[in-house]
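Colleague: Please take one part of this model and go through it closely. Then set it against the rest of the chain.

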Amino acid sequence: MDNDTVRLEGGNSSLLLQVSPYPRLLYWGPRLSAASSDDALTLAMPAAADQQVRPSAIEGAGQWQSAAGLAIEGYRDRHSLAPLSFETLSYDCEDEQVRLCCVDRAAELELEIRLSLDAETGVLGLWQRLTNQGDVAFRVRRFGLVLPLAERAVEVMGFHGQWLQAFHTHRIQPQYGGYLQEYRHARQHDQFPGIVVGTAHFSEQHGEVWGAHLAWGGDHRLRVDTRADGRRFLQAEALHQQAELRLDPGKSCDTPWLYAAYGPHGLNTMSQAFHLYVRQHLGARRGAAQRPVQLNLTRSVWEAHSREELRRMAARAARLGIERFIMEIGRTCHARNPSQDSTFELSDGQVSAKDVRQLIDYVQDHSMQFGIWLAPERLMADETCRKRHPEWVLRLSKDDVPEQQAQYVLNLTHSEAWNWLFEQMDRMLSDYHINFVKWEFCRELVQSSHEALAQAQMERATAMLDLLRTRHPETAFEPCVIGGGRIDYGLLRYIRRFWASSASDALDQQRIQYGLSYFFPPEVIGTHVGATHTRARRQSLTISGLTALFGHMGLAFDMLALTREQQEAVARYVALYKQLRGLLHVGRSLRIETLDPASSLAGGIFGVRHAVIGVAQLQPSRYAVNEVIRIPGLDPEQNYHIRVLDAPEEVDYQQVPWMKEPTARISGQWLMNAGLRLPTLPAETALLIEIRVAE
């Protein structure tokens with residue numbers, strides 16, 4: 001390799017980077033046994049075209065020519081700015097990361113680029129910092145990241161959704177122009193900051209794919225462009241408001257990290273890279289024992305019960321196998337004088353702090369953790385804090401303070417407001433033995449746009465979460481946002497679990513979990529079994545329990561209202577989760593292709609000698625005899641035993657021979673290529689299959 005190029009290897013992919021005279025990503029794709037800058041000559045554009053397209057066609061002032069791309073727009077007060085042209089001053093390559101220092105002397109800007117390719121997973125990481133070296137302020141309008149794509153990457157898969165129906169996918173094949181996704185409400189449930197581009201008609205097990213995720217929980221923009229010369233690019237950036245980023249002399253601003261993975265054999269290979277990276281580098285893997293079954297009690301449930309009834313509820317939860325008991329208390333709570341019978345601050349009532357302390361002790365005496373569910377950033381319309389400190393409210397203007405769901409937002413960029421909230425949270429976690437905090441923020445965030453605070457508000461919320469986690473390492477945190485907002489790799493450095501959705505309907509949960517699985521392993525996806533209140537349909541605990549099994553299981557019930565039959569069903573699925581979570585939370589998660597994903601979804605978790613497969617029948621099958629699924633992830637040289645672990649009562653075990661012969665020896669090669677015939681399942685039911693290596 002010559003001095004002008006750097007080669008990185010990782011997972012299924014290779015990367016070839018030109019570092020001088022200016023940085024340029026020459027190749028990112030299937031792993032190569034060898035590569036050089038001379039090899040890259042075969043991909044070079046015609047000379048005339050190179051001269052024409054080098055000052056990139058990104059809107060406004062800006063140029064694409066960095067290691068993995070650059071999308072910068074900006075200006076200086078009273079000064080014009082020519083298209084940017086960064087040259088490499090220096091670079092160093094250590095372990096799996098390349099760091100470049102580049103400069104545009106005419107624009108008086110310095111650009112630091114960090115690019116890594118993880119050796120085991122092949123996940124590419126990209127981050128950039130822009131520094132103003134001039135003596136006049138530089139105003140940044142755009143500061144994004146760009147990855148070049150192979151010309152065969154012609155199909156785009158994006159994500160969309162709404163409350164209760166997040167993480168659905170859609171596809172297009174833009175031949176010219178591009179695909180654009182923008183979100184400006186600091187929420188992500190309708191537009192997740194992830195995207196996949198691949199060869200035509202890529203699927204779970206076929207085609208090449210390149211997936212990318214922006215690790216950012218605020219406003220964002222994603223786009224895929226097909227240029228007139230045929231080249232393709234992927235851009236990702238935090239979406240800044242007008243004048244939000246002003247770089248005074250010597251000041252800098254950073255991009256979020258962009259994580260990308262190449263999948264040589266379909267979406268499953270891409271997801272495997274992302275899942276393993278999350279487990280190894282983003283703090284997600286802390287063992288199956290760190291994923292306790294949890295019970296969420298809403299305010300409406302626990303406020304309807306006396307102190308004695310709450311104790312009975314906790315005792316019943318423990319008998320059914322619950323390991324974490326969580327109460328929704330609304331507003332930030334803190335007994336200002338814990339030694340006295342003072343009160344917690346609630347949005348709509350009061351509960352004795354002494355009673356809560358006694359309940360915590362009672363819960364923990366029953367070998368359960370105690371957690372709280374609250375909304376730290378929320379200010380209620382009639383709250384004393386809002387009335388005493390109106391300057392703490394995030395607002396559009398001095399006189400315009402819109403509310404949503406009778407809520408306002410605490411301006412975390414206001415130092416006094418931030419300190420007040422942190423002190424309350426810190427003192428509460430110090431004074432009470434709280435093992436878990438469910439951090440709720442269920443509204444769109446639009447006010448920050450008018451004061452150029454969108455990025456700062458998100459950064460200050462993350463900074464508080466980070467500091468609380470450091471001060472209270474034994475307390476686990478979960479972001480809870482209706483529809484799945486604030487689900488991104490950035491937060492995974494501080495939390496162990498995401499609240500996937502408020503959907504209690506198992507069919508909605510199936511699709512949400514399926515979409516999340518493209519980027520997230522099952523153990524960080526918070527799932528729950530509960531009364532179906534978000535849809536006007538009734539479902540058995542069979543499909544709800546099996547749906548929640550493929551995540552970090554939780555429940556949302558009034559324990560005292562459960563019938564004996566329901567208690568038995570809850571205990572069964574809690575026990576099944578505990579039995580299998582050693583596999584579920586460390587094994588390879590693979591989606592299994594079905595004939596009609598609108599009717600049925602399938603997936604499995606695969607260990608070395610053991611796998612479990614889940615099949616959900618969402619709608620009636622189109623055929624009288626159900627389909628055959630081909631099962632990936634097995635060893636073609638091994639033989640396997642197959643048996644049903646759980647099935648709806650309506651299933652006739654006489655339908656398919658393998659269900660009657662659990663000791664039959666079936667080859668892995670057969671299951672992978674010929675497949676497994678499913679029994680006919682009624683709509684809104686699920687089936688759980690176990691596959692073990694035959695001894």
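Modeller: Leu16 stands opposite Tyr27 in S3. Strands here are DSSP runs (E, at least two residues), numbered from the N terminus. Pairing requires at least two DSSP bridges between two strands. This is a predicted model, so local features need pLDDT of at least 70 and side-chain atom pairs count only at pLDDT 80 or more, while totals for chains, interfaces and linings use all residues. Numbering starts from 1 along each chain as its sequence is written, and side-chain values use heavy atoms, without hydrogens and water.

Now the sheet around that pair. S1, S2 and S3 form an open sheet of three strands, in the order S1-S2-S3, with antiparallel pairing. Strand S1 (5-10) and strand S3 (24-30) are the edges, each pairing on one side only. From one strand to the next, the twist averages 15°. In a regular strand, side chains alternate between the two faces of the sheet.

A parallel pair makes a contrast. Strand S22 (residues 369-374) runs parallel to strand S25 (residues 436-440), joined by four bridges. Trp373 stands opposite Lys438 in S25. Five of the six residues of S22 are buried; buried means under 20% relative accessible area with a 1.4 Å probe, protein chains only, exposed means over 50%, and partly exposed lies in between.

Next, two single sites. Gly526 sits in strand S28 (residues 525-530). Its relative accessible area is 3%, so Gly526 is buried. Not counting residues up to four places away in sequence, Gly526 touches Arg497, Phe498, Trp499, Ala500 and His552. Contact means heavy atoms within 4.5 Å. Gln294 lies 232 residues from Gly526 along the chain, yet their C-alpha atoms are separated by 9.8 Å.

Thr199 is a loop residue. The loop runs between strand S13 (194-198) and strand S14 (209-214). At a relative accessible area of 16%, Thr199 is buried. Beyond its neighbours within four places in sequence, Thr199 contacts Arg152, Ala153, Val154, Glu155, Gly207 and Glu208.

Then the helices (H or I runs of at least four residues). Helix H4 (residues 307-319) packs on helix H5 (residues 353-365) at an angle of about 20°, with axes 10 Å apart. That makes H4 roughly parallel to H5. The cut-offs are under 35 degrees for roughly parallel, over 145 for roughly antiparallel, 65 to 115 for roughly perpendicular, and oblique for the rest. Angles run from 0 to 180 degrees between N-to-C directions. Arg307, Leu310, Arg311, Ala314 and Ala315 in H4 meet Asp355, Gln358, Leu359, Tyr362 and Val363 in H5.

Helix H9 (residues 506-516) and helix H10 (residues 541-549) also pack at about 20°, with axes 9 Å apart. H9 is therefore roughly parallel to H10. Their crossing is left-handed. Ala506, Leu507, Gln509, Gln510 and Gln513 in H9 meet Ile543, Ser544 and Thr547 in H10.

Last, the whole chain. It holds 13 helices and 37 strands. Of its 695 residues, 60% are buried. Among contacts with a separation of 6 or more, 70% join residues 24 or more positions apart.

Note on methods:
Left-handed = near helix turned anticlockwise from the far one by under 90°.
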